[in-house]
Amino acid sequence: MDEDQAARRRSEEEGLERGEETAREGQPSPAWDSRVEWDQQDLLMGLSGRESREAAGPEEAAEPEPESGVPGGRRGEGRAGWEPAGPGGGERAAPEGGVAAGLEGGRGGEGRGEQDQTDGEGRAGESRSRSEARQQAGSQGAPGSGTLRGGYWEGSRERHRERKVKRRAKGTKQVESKYRPEKKPDLPQERRQAETQKNVVLKGETSEACPCWLSEQRRRPPTIQISLSPKPRRQSQWSSLCHTSVSVINELAQMGDPDVLEMVQEEERISNREAEYIFGMNESLSSRETSFLISEEPAFKKDEQSKDSIFFRDGIRQIDFVLSYVDDLKKEADPKAERRKEFEQNLRKTGLELEIEDKRNSEDGKTYFVKIHAPWEVLVTYAEVLGIKMPIKESDIPLPENIPFSCMLEPLKLPKNVKHPHPEYFTAQFTRHRQELFLIEDKSSFFPSSSRNRIVYYILSRCPFGVEDGKKKFGIERLLTSNTYSSAYPLHDGQYWKPSEPPNPVNERYTLCQNWARFSYFYKEQPLDLIRDYYGEKIGMYFVFLGFYTEMLSFAAVVGLACFIYGLLSMDTNSSSTEICDPKIGGQIIMCPLCDLVCDYWRLNTTCLASKISHLFDNESTVFFAIFMGIWVTLFLEFWKQRQARMEYEWDLVDFEEEQQQLQLRPEFEAMCKHRKINAVTKEMEPYMPLYSRLPWYFLSGATVTLWMALVIACMVAVIVYRLSVFATFASFMESEASFKHVKSFLTPQITTSLSGSCLNFIVILILNFFYEKISAWITKMEIPRTYQEYESSLTLKMFLFQFVNFYSSCFYVAFFKGKFVGYPGKYTYLFNVWRSEECDPGGCLIELTTQLTIIMTGKQIFGNVKEAIYPMVLNWWRRRKARTNSEKLYSRWEQDHDLETFGSLGLFYEYLETVIQFGFVTLFVASFPLAPLLALLNNIIEIRVDAWKLTTQYRRPVAAKAHSIGVWQDILYGMAVLSVATNAFIVAFTSDIIPRLVYYYAYSKDATAPMKGYVNDSLSTFLIADFPNHTAPWEKRDFTTCRYRDYRYPPDHDQKYFHNMQYWHVLAAKMTFIIVMEHVVFLVKFLLAWMIPDVPKDVLERIKREKLMTIKILHDFELNKLKENLRANSSELAKEVLIQENKTQLAKSTV
């Protein structure tokens, strides 16, 4: 042992002498290649006690003080195996007891030699030991006042006392040195002083984040010439302590504990107390002094920075999120400023890095921007908390073989690098303790931007900002609600019309705009993987659903178009319309008046054109198409399950759990809660609102929804009254005006009233929908839902119920009520005893239902697309126009996005609602309008590109969120699919004329060669004009004695005159039979198809099993190799210990 200590002392003395010789010759030390690093290390060694070690690095600060009096002590021994590698700032191995030890001794004993003598108090000739120097420095609390370091120390402390504001410590920065190693015997004192102060300034910049995170930052490969922070040489006690605390915090974060940041604050309070001197030195330098000391030319010039830069001013740290706010001059400005200050401090304590842009640099001159960057350690910690899956190995599963005739679909496909921007990988949930397992090539691009902004938003939504009224307040949403911040959003990658320039990453926004948001690409497939990577799985799943729905609509559109063409081709040969148009048949049939007093008798052939148009949609193919659509709905939903399962596998959502953000308590709920109870799962106290407190709001909500539904019904009745009152006016006006005689053949009073009533109804629908959206959102907030998921579910129920009634009520009226309860001439039914009930056209009410459906469906789609395209464009233009007050200033990336429209948390909600309402038009009433799928197909082709265009160009980038399905909308689609079978069966039976024609064909036809001959006359009953009451009969007297009306009743000369005849009951029985048979057949086919088609395709199941197997194997091999390495290391240490013990035993024996 004595020999070992003697060898160590000799090694240290040799290093000390080498340092003295180097100082006397005025040359740089061979171990230090740069004068800048010499000054830096010299100054660091002059710091006293713990502060000096903390300035050198948190790992060294945790090491115990050396007790030896030998220069360098144990510290020199600990550093003996390492030495700086020069300008790179790293470390390289050196022989034990070699140059590094000499440097430590030289630095502690002799210092800089003759060069330091110019300062008045050189250390070259001093013989005191390292321990004495530390004792003296510890007693004084600072370096010697007569030295350069002492003067700088006193100045820094004085500035620190004057400012008395403790700010954050900036992260370790690296600056490329302009100095080159030159052999100069001496330097002027002023230049040496400036250089030394410069290195102190840069060396003092450190982070308030957890020290183990800081050490990881230092392990990153240097990208500049000189590193201003030494790389930690080994894991210290401080690092292990931090590792333990972060593990605890991670576990609490997984549980959603809002007190996690308080633990972080407590841990930081201990470390901050010891590192107070370093932080004080950092904050003692003003920005003016710093810029003077660092360089004559600033490292960052705002006016020269790229407008599309998405980095901090250093050009290295990427901006992951942006907050903005405007100074408020009102009384509540101070509380808002305090909340912002507390919020931003807590964000820094979680490890996020912030950079604030002053309002003077903004376009409008009054908006502050807070740019947020998530360092690597924050990303890996919260990636584990959120269970984000990352690649561990490239997939070896072969891609599915091309389907037959796939070459014909080549024009519809996108380039492979756009459709699949990344190869397929086996993935596993990320854990920061197994980072070697994952394919990390570049830490800056390992996590996609969507995952980065999702992680940052997760932190923002849980970060506290103070205590108000005895309750802890947290979350960015509450700050946005109180206008503490005006906006919070992630940045787009760059401009959408041009690719990004280095050093910015690949501009995925530009790629999406070129290959997805262009209307000329309407026939192309969507780049779904790229959409998912950029916007997240939730928005990606919406576009998957919209695209799949559009694909399936193409089949329904083809069949519907075929049915329409069949009706068009058979229109001239249709016996019903032929008889109606025949002057000898239809021209001789006198019809009863359609209204009282003012309406006159009319001839049946005046409805010739209407009967032909009705045949386009009311023919034999109607039944086939109604049954086909019932089966199509089932196939659509079952195949959507398969497509959804495939996307779950491809997007790593197989083991997905509900997004914790959706299960988080809403701030409004916490604010209103006065009770707390223990959560049965977490066993922690949480806010609780008893049922009796929420019951009044539930009643108010239900009453409001009921009232608005009643208002919709009232508006529909008002439209019916309009049609009844205007019909007589149209009829009398068109009869009296000679100018309308030329248009009377195709513009009858019935058609005119139907068209104007449908347009009026559509306008009323839009007005009611606009107001109800506002009221439903307010009512849902008043219910005080507990979580965001409950809020969205409640709003979905209200909005869908209202829009269902609002959009479909008029169609239900025409399909199932109009003309069904009219009565007969002489005994009509009256609405409110004033207006006579509406009658259907002699050809049936189907043509009116078609007109109503076409106007509402087409009008809604056109209005929706125009609103989605024009509304955000106009708002953005106006916002930019108002903001451009200082056009000569830089319009930066964050300001460009700030001026865009906000997509909002309910943006997808309204998109899904619009699609589901359209799905109802396509399925519920499709028997009356076979072209409905074609119109929906054309609309969706445009809708996809409009949504893509507005998301890419007109809206801020939404925060990425996960979703493995379309959620509650899938249940709504199933409900509408079942309802559609019943509605189409009733439309065919009661609204269409197909069942009465079939009954006549098989039961009442008298001509075998022309079975349908005489059908029109058979479907009309006879009424004696003399039986008209005085208040209903027309004013003018006619010479004919009877008129005809559409019904199955006995004639006036029958004993049971005007009662329903037997044919009426036969037709009614046939209608009910058809409904029952059709429903049972369609439901049977639906259930068979649902049973035969698996929810998850077989190949997807095999791929899932293969990936799980490979993932388990890779994890097993990784852990096994890690265990072997640990065993080898432990065995080598054990062998060393055994050898040492044997040597001690032999030495003891030899001594004895």
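Buried means under 20% relative accessible area, exposed means over 50%, and partly exposed lies in between (1.4 Å probe, protein chains only). The model is predicted, so local features need pLDDT of at least 70 and side-chain atom pairs count only at pLDDT 80 or more, while totals for chains, interfaces and linings use all residues. Residues are numbered from 1 along each chain as its sequence is written, and side-chain values use heavy atoms, with hydrogens and water left out.

**Exercise 1. Find where the salt bridge between Glu-911 and Lys-950 sits, and decide whether its partners are buried or exposed.**

Step 1. Start with the rule: a salt bridge is a side-chain nitrogen of Lys or Arg within 4 Å of a carboxyl oxygen of Asp or Glu. Side chains of opposite charge can pair when their charged atoms come close.

Step 2. Check the distance: Glu-911 and Lys-950 meet at 2.5 Å, N to O.

Step 3. Glu-911 belongs to helix α35 (residues 907-924) and Lys-950 to helix α36 (residues 932-954), so the pair links distant parts of the chain, 39 residues apart. Helices here are DSSP runs (H or I, at least four residues), and strands are runs of E with at least two, numbered from the N terminus.

**Exercise 2. Work out which parts of the chain Lys-419 and Glu-525 link, and how accessible they are.**

Step 1. Their side chains form a salt bridge at 3.4 Å, N to O.

Step 2. Lys-419 is in helix α18 (residues 416-419), whereas Glu-525 is in the loop between α22 and α23, 106 residues apart.

Step 3. Lys-419 is partly exposed because its relative accessibility is 27%, and Glu-525 is partly exposed at 23%.

**Exercise 3. Describe how α23 is covered.**

Step 1. Helix α23 spans residues 528-535, and eight of its eight residues are buried. Among them are Leu-528, Arg-532 and Tyr-535.

Step 2. The cover includes α18, α20 (449-460), α22, α24, α27 (621-650) and α36.

Step 3. Just after α23, Gly-536 takes a positive phi of about 100°.

**Exercise 4. Identify the residues that touch the most other members of the largest nonpolar core.**

Step 1. A nonpolar core is a set of buried Ala, Val, Leu, Ile, Met, Phe, Trp, Tyr and Cys residues joined through side-chain atoms within 4.5 Å.

Step 2. The largest core has 121 residues, and Trp-632, Phe-636 and Tyr-808 touch the most other members. Helix α24 (residues 537-569) gives the most to this core, with 16 residues.

Step 3. Follow Phe-636: apart from neighbours within four places in sequence, this residue is in contact (heavy atoms within 4.5 Å) with Phe-545, Phe-548, Tyr-549, Met-552 and Phe-919.

Step 4. A second, separate core of 47 residues includes Leu-352, Leu-379, Ala-428 and Leu-460.
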